[in-house]
Amino acid sequence: MSNSSPSFMQQLESRVQEVNSLLCIGLDPHPQDLKTFAESPNCSRQTDNPAEIALQFCQNLVQATLPYAVCYKPNAAFFEALGEAGHIALKQIIADIQNHKVPVLLDCKRGDIGSTATAYAQAAYSELGADAVTLSPLMGWDSVAPFVTDAYDGKGAFLLCKTSNPGSNDFLALKLLSVAADDQLQEETLYQQIARLVGHEWNSKTSNGNNNLGLVVGATDAVALANARKAAGDKVWILAPGVGAQGGDLVTACKAGLNSQGTGLLVPVSRGISRAADPAKAAEELRDAMRTAIQECAKEKDTAATSATALQAYQKEFIEFALEEGVLKFGSFVLKSGRTSPYFFNAGLFCSGKSLHQLGLAYASAIMDSPEITTTDPTTNKKTVNFDVLFGPAYKGISLGAVVGSALYAKYGISVGFAYNRKEAKDHGEGGVLVGAELKSQRILVVDDVITAGTAIRESHGMLSKIEGATMMGVVIALDRAEKRSLDDPVSAVQAVARDLKLPVVSIVNLPQLQTFLKSDTANYGAEILQSVSDYRAQYGVSD
């Protein structure tokens, strides 16, 4: 039944623009609600048939809330409990909603494979006429495929990822080990793996590659919501139940779940509307609260973006002397990844006394500018570092650690130890691979030039973790290219290191700040260079 009609996700996008809302209204005809409704003046049908009462109950809700709803989500279980008449009522309410050009998400949470899943899909789509369904993905792609084949072109499915009930932690929050793009082992939760599969591999398999899959992530767990959004990427819609009755906060959910365009999130509300004295007013107030939350998130995002891309004096000086030394160049450069980059950074060309001195000062300034690796005494307002030793991985890290340690003392009066490793262990003298300051029971900051795959940092972490009492506190680098490791992986090498090792990674400058520098000096560097860097970031850049 392939057709040229808009897909469910396209209908969502259109409806969001039309009503400027995120509100998905749940139609859950609870038995107690039907009893109350049947005894109210709002029920015009003189009948004892609960299915007929359920139909009018839902029809009244739809009629009252149409101006505010992005979509409606009837819960199949409450209709199925009413038998054949309930099935007929469900089919009727779906048709009524669609007559208003509003999409319908059938909340049925199916989870099976083979002919059973195919029959479930036929029942939801061909028999009932729903536009999308909720599914359990725990039996893998086989349990999802029948709902998003070409036979149901454009139909959507939201997969249970991290649900709003406390018991979801029993399985969905379990930690898994998987292989990252750089062939390193990474730890992530089951729900993050589901989000990653849906956002990338599985969505590309849906009918005509239409990205017809979304996620269900509870608004009651903002951390999980943010993690799922990060793992799935921008294109995936998230249904976030739990706002209101279950305790989820709307603004917090929006901050965690909205995509970079300020959309991609559906907030379902059932009882908060159906049990309100005035459902229309309740829906309008929720719609308005969502608009306010979106605006607040956009304002906060703009503030954060401005802060993240603003250049401190030391950063501007660093870029300028990197250009002077030929360390940073603009042009066309084929990287090891095969990408053609409009800029290239080679820290090995900091090879004079003057440039090494300036380099050390830039690192020291970045360290002291970072709240993640410094501490401020509230009584004296004096800032100091929260590490004892600088560690430079062989080979580039050796000279970097030395000049950074010297600069910290010269500029800030802070003296820390310095150590490094050899590539091969010495078989004479003191032996071993570690040289320099004692590392036992010390807090350690690793210094390197860039993080390409993260291999050197991970090796350093593995080496340092074997030393009694040693604690790695973070990593400081010169340049964060802030780009995806692959088009299928939404995180950068820097973000992967920070995530996997649970450590802050501080850079002197990053790609967005390089753009800021170019914008401020197009007279010298030209609009073409800025455009090429901006285009490269748009194609390969990562979100914060």
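Q: In this predicted model, in which hand does H8 pass H9?
A: Let's look at the two helices together. H8 covers residues 222-232 and H9 covers residues 250-257. Where H8 passes H9, the crossing is right-handed.

Q: Why does H8 count as roughly parallel to H9, and at what angle do they pack?
A: Two packed helices are described by the angle between their axes and the distance between the axes. Here the axes of H8 and H9 are 8 Å apart. Angles under 35 degrees count as roughly parallel, so H8 is roughly parallel to H9. The angle at which H8 and H9 pack is about 25 degrees.

Q: How many nonpolar residues are in the contact of H8 with H9?
A: H8 brings Ala 222, Leu 225, Ala 226 and Arg 229, while H9 brings Thr 252, Ala 253, Ala 256 and Gly 257. Sorted by class, two residues of this contact are polar and one is charged. The number of nonpolar residues is five.

Q: Which strands are the edge strands of the open sheet of eight strands?
A: Follow the order S2-S1-S10-S9-S8-S5-S4-S3, where the pairing is parallel. An edge strand pairs on one side only.

Q: What is the bridge partner of Phe 330 in S12?
A: Strands of a sheet pair through backbone hydrogen bonds, either parallel or antiparallel. S11 (residues 328-334) and S12 (residues 340-345) pair in the antiparallel sense, over five bridges. Across in S12, the bridge partner of Phe 330 is Tyr 343.

Terms used
Residues are numbered from 1 along each chain as its sequence is written. This is a predicted model: local features need pLDDT of at least 70, side-chain atom pairs count only at pLDDT 80 or more; totals for chains, interfaces and linings use all residues. Side-chain values use heavy atoms; hydrogens and water are left out. Axes are lines fitted to C-alpha atoms, for helices over the stretch in contact, and angles run from 0 to 180 degrees between N-to-C directions. Helices (H or I, at least four residues) and strands (E, at least two) are DSSP runs, numbered from the N terminus. Angles under 35 degrees count as roughly parallel, over 145 as roughly antiparallel, 65 to 115 as roughly perpendicular and the rest as oblique. A crossing is left-handed if the near helix is turned anticlockwise from the far one by less than a right angle, and right-handed if clockwise. Contact means heavy atoms within 4.5 Å. Ala, Val, Leu, Ile, Met, Phe, Trp, Tyr, Cys and Pro count as nonpolar, Asp, Glu, Lys and Arg as charged, and the others, Gly among them, as polar. Two strands pair if DSSP finds at least two bridges between them.
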